[in-house]
Amino acid sequence: MALLELIHQNSIRTTNNSLIRRPRRLRTTPALRAMVRETEINVEDFIYPLFVRHGTGRNEIRSMPGIYQLSVDEAVREAESAAKLGIPSVILFGIPTAKDPIGLENFSYDGIVQQAVRAIKREIPELVLITDVCLCEYTDHGHCGILNTGEHYQPGLPEGYVLNDATLDILGRVALSHAESGADIIAPSGMMDGMVAAIRTALDTNGYENLPLLSYSVKYASSLYGPFREAAQGAPKFGDRKSHQMDPGNVREALREVETDIDEGADMLMVKPALHYLDVIFRVRESFPELPLVAYNVSGEYAMIKAAAANGWLDERAVTLESLTSIKRAGADLIITYHAKEAAQWLKE
Ligand SMILES: [Zn+2]
């Protein structure tokens, strides 16, 4: 008691102009804190990724507890459970039956993504279906484009280099095939120069001029994609993706990528990954406030929280919600996240 009195007297004695400002006044009660909270995440902010494969049933991905490779009927069930929680959108990634140098299943009517889009659209027409467009999950070499080898060989470029313009033609065909299946948004992720323009042209010349493009405008050559590559079975068989994805040290270059995509007709922008790149999200938001901005909270970011939580080292719920809030505070409008369903559940409670 004596100590408390001393502290009290002391605080009165030190009351002066410097203590006119007391930010703690607004933190006194939960109600006050809620009234002045600047950033809040909502279930409408989430986009939930789904991995679809041929066959039946579901396989949990070892490095991503709670996330599965899903057969088409299981993908419908999973999409339904996300929609029931209020999640407005899912993004689809496909695992083909067979792989080849250009990834033929990627633009086939019976491709796994095409089947899943038709099935989900039939059951849950209001759910916004985004389809990822790249080559890496479909090619036998696991790269995001046609390689500089064999019949495509171009002298002057390294053997095995991902050829840009030859790849654009395939991306257009994949996007068109997704559009014909009923996709609501096409999301090119391959970081090829000119990919947005090529896909825009392919869609517009076939009557899909109203189909929006969400470009993975700023995608880094990050080490945080490891668990995704297990999930989508799309790891490169050799080399890496540094000749097309961005160097993690660069941010001015990110603004150039975004500006290029806007010029080519992108309707929405993306920064990937999210948590290690909050400054990039912020810079893109500040420089291009007119377009919706999506951040991809990637598999490695998910896996780190899950692993720490499994060891009892972090409070999973608190850390997850804090991470998602920080991504939105940095400037993202929407977040692609594997946490979508659990976060939606927690936000309800
Ligand atoms: Zn790719």
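This is a predicted model: local features need pLDDT of at least 70, side-chain atom pairs count only at pLDDT 80 or more; totals for chains, interfaces and linings use all residues.
Local features here need pLDDT of at least 70, side-chain atom pairs count only at pLDDT 80 or more, and totals for chains, interfaces and linings use all residues. Numbering runs from 1 along each chain as its sequence is written, and side-chain values use heavy atoms, with hydrogens and water left out.

**Around strand β12**
- β12 spans residues 334-337; strands (E, at least two residues) are DSSP runs numbered from the N terminus, as are helices (H or I, at least four).
- Strand β1 (residues 46-53) pairs with β12 in the parallel sense over two bridges, where pairing takes at least two DSSP bridges.
- Strand β11 (residues 293-297) is also parallel to β12, over four bridges, and Tyr296 has Ile336 as its bridge partner there.
- Leu334 and Ile336 on one side of β12, and Ile335 and Thr337 on the other, are all buried (under 20% relative accessible area, 1.4 Å probe, protein chains only).

**The core**
- The largest nonpolar core has 109 residues; such a core is a set of buried Ala, Val, Leu, Ile, Met, Phe, Trp, Tyr and Cys joined through side-chain atoms within 4.5 Å.
- Helix α5 (residues 164-181) gives the most to this core, with seven residues.
- Phe51, Ile281 and Tyr296 are among the residues with the most contacts inside the core.
- Ile281 touches, among others, Leu293, Ala295 and Ile327 (heavy atoms within 4.5 Å), leaving aside residues up to four places away in sequence.

**The zinc site**
- Cys134, Cys136 and Cys144 coordinate the zinc ion through SG at 2.3 to 2.4 Å, with the spacing C-x1-C-x7-C.
- Donors are N, O and S atoms within 2.8 Å of the metal (3.2 Å for Na, K and Ca), and water is not among the atoms, so sites may look incomplete.
- Cys134 and Cys136 are both buried.

Notes:
Buried means under 20% relative accessible area, exposed over 50%, partly exposed in between (1.4 Å probe, protein chains only).
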